[in-house]
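Me: I would like to go through the labels attached to this model and ask, for each one, what criterion stands behind it. Please set every value against its definition before concluding.

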Amino acid sequence: MVVAAVSAIVGGLVIHLFYRLQLSKAQKELEKKIAAASDEAKRHFSEAQRESESLKRELLLQAKEEIHNAKLTLGREVRARKVELQRERVKLEQREAGLERQNQSLSDQKKALERRSEEIEEELAAELDRLKEYEGSLHDESAALDQRRTELDEQFVDFDRRSAELDEQIANMEETRLHALEEVASFTVEEAREEVLAAAEERYRHELALRFRNMEETAQAEAEMRARDIVCTAIQRYSADYVSETTVSVVILPSDEMKGRIIGREGRNIRAIETITGVDVIIDDTPEAVILSSFDPVRREIARLTLEKLVVDGRIHPARIEDMVERARKEVEATIRQAGEEAVLEVGLIGLHPELIRLLGRLKYRTSYGQNVLNHSVEVAWLTGMMAAELNLDQSAARRSGLLHDIGKAIDFEVDGSHVEIGAEIARKYNEDEEVISAIESHHGDKDPISPTAILVAAADALSAARPGARRENVETYIKRIRQLEEIANSFPGVEKAFAIQAGREVRVMVRPEDIRDEDMQLTAHNIGVKINEELKYPGSIKVNLIRETRVSETIK
């Protein structure tokens, strides 16, 4: 036990010594590290101190250099300012010298003006003395003139008395002469006057007719020449094609089998199309085609687009038809708006109400005698504007009136009344000028025009309608015009027979020679032309020719 205890103690001492040795060794190593770290810190501190000294020297040098540069710059600026101030000083000295010279000059001028003023005062005093002397002489002459005026007044009174006596004597002599003439000629003064006037009228009637004819021909030639120049200029500057359209549209089908699908079971599809669109669908023996009939061109166009869409889609039933009609209606409405805007842009107008633009677009699907109304309106606008330019009138107002003159035709299928009345009401509704409203109301002669622009619109409308190929007239229209022309000519006294030829462009009138003399021919032709112009509406011009034939025969046996 003791040995074990001793061994344990010895072992403990050995272990204790070992730890002491290790601790002493670790402490020495730590001291070495601390000494090394202290040396390293001192070394870094000395390097940092050296770097700071170097940086400080560099900053001082840089600051000195900047100060030196600033001093140089400031010196240059000061020298430049001194030079500028020196120049300004020289200028001021020169200006002061100039002002002194001007002052001296003004002083000299003032002295000269004072001397001139004294001279003028002396001259005025002398002139006043002369005027006083002249006034005295005038006073003497005025007294002499007054005395002479008194003498002349007395002479005038005597002359008036003698003139009255002479007038009385002349009146007595004239009355005596008239009584003597009445006794010799068996005529009173009134009868003699009537006789002389009748003889003069009979003598100069032929000459008056010839002069009237020459004056009328000259005026007409000048007016026709001027009008021809204006119209030709307008026509040459504007040209348009026409596409004739009718009240029906044709839809081409891929096959006749499609007709049965359009009709549908027991006709339900075709009834749906007619009910929704308001258009008559005509399916006849025409191969691969369906006819759409309606007086409303917009509805007809909607129906045409609907059928084309249905044919392409292939699904034809009432629900699909209703959907396609709605789509077609939106497309047509967009096309109408675009057409109206293009027409307004083409004519060059601004400030037009959007509803008027939409109504103009509807005219794209409206025709009159086969002529597209929108194209016709655009042409009338251009022709009116060009003629207005030739006459130095407002071109913009003229084109505006021409473009809107047929605006009533856009809704004349929906509203009662003529397109003239409807168009005027539309223009008033959207606050158009009275000049435009007058052009709409008077372009067919329903009312008298109130401005030259309205007259130009009527002329351009007739010109556009009368151009070859612009409109199509049927045989009944020509026959009616010819009959009216012949009836108007035959209504005049002395007319034996009238013939309308050249499709109503010329009227040849045969007169009775015993009723109408040669000198009356021009007046009769003029009166027939006036009545035709008042009672008949016609495009272009009508020529009236009078023919008087006198036949003399003698039989000798």
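Me: What share of the residues in the chain is buried, and what makes a residue count as buried?

Reply: Buried residues make up 28% of the 557 residues in the chain, where buried means under 20% relative accessible area, exposed over 50%, and partly exposed in between, with a 1.4 Å probe and protein chains only. This is a predicted model, in which local features need pLDDT of at least 70 and side-chain atom pairs count only at pLDDT 80 or more, while totals for chains, interfaces and linings use all residues. Residues are numbered from 1 along each chain as its sequence is written, and side-chain values use heavy atoms, with hydrogens and water left out.

Me: Why is Arg 320 called buried?

Reply: The relative accessibility of Arg 320 is 14%, and the limit for buried is under 20%, so Arg 320 counts as buried. Arg 320 is found in helix H6, a helix being a DSSP run (H or I, at least four residues), numbered from the N terminus.

Me: How do you know that the side chain of Arg 320 makes a polar contact with the side chain of Asp 313?

Reply: The distance is 3.2 Å, and a polar contact is a pair of N or O atoms within 3.5 Å, of which, within protein, one must be able to donate a hydrogen and the other to accept it; residues adjacent in sequence count only if both atoms are side-chain atoms. The pair is therefore listed as a polar contact.

Me: What makes a set of residues a nonpolar core, and which members of the largest one touch the most others?

Reply: A nonpolar core is a set of buried Ala, Val, Leu, Ile, Met, Phe, Trp, Tyr and Cys residues joined through side-chain atoms within 4.5 Å. The largest has 28 residues, and Leu 360 and Leu 403 touch the most other members. Among the helices that each supply at least two residues of this core are helix H6 (318-347) and helix H7 (354-362). A second, separate core of 26 residues includes Val 251, Val 279, Val 290 and Leu 310.
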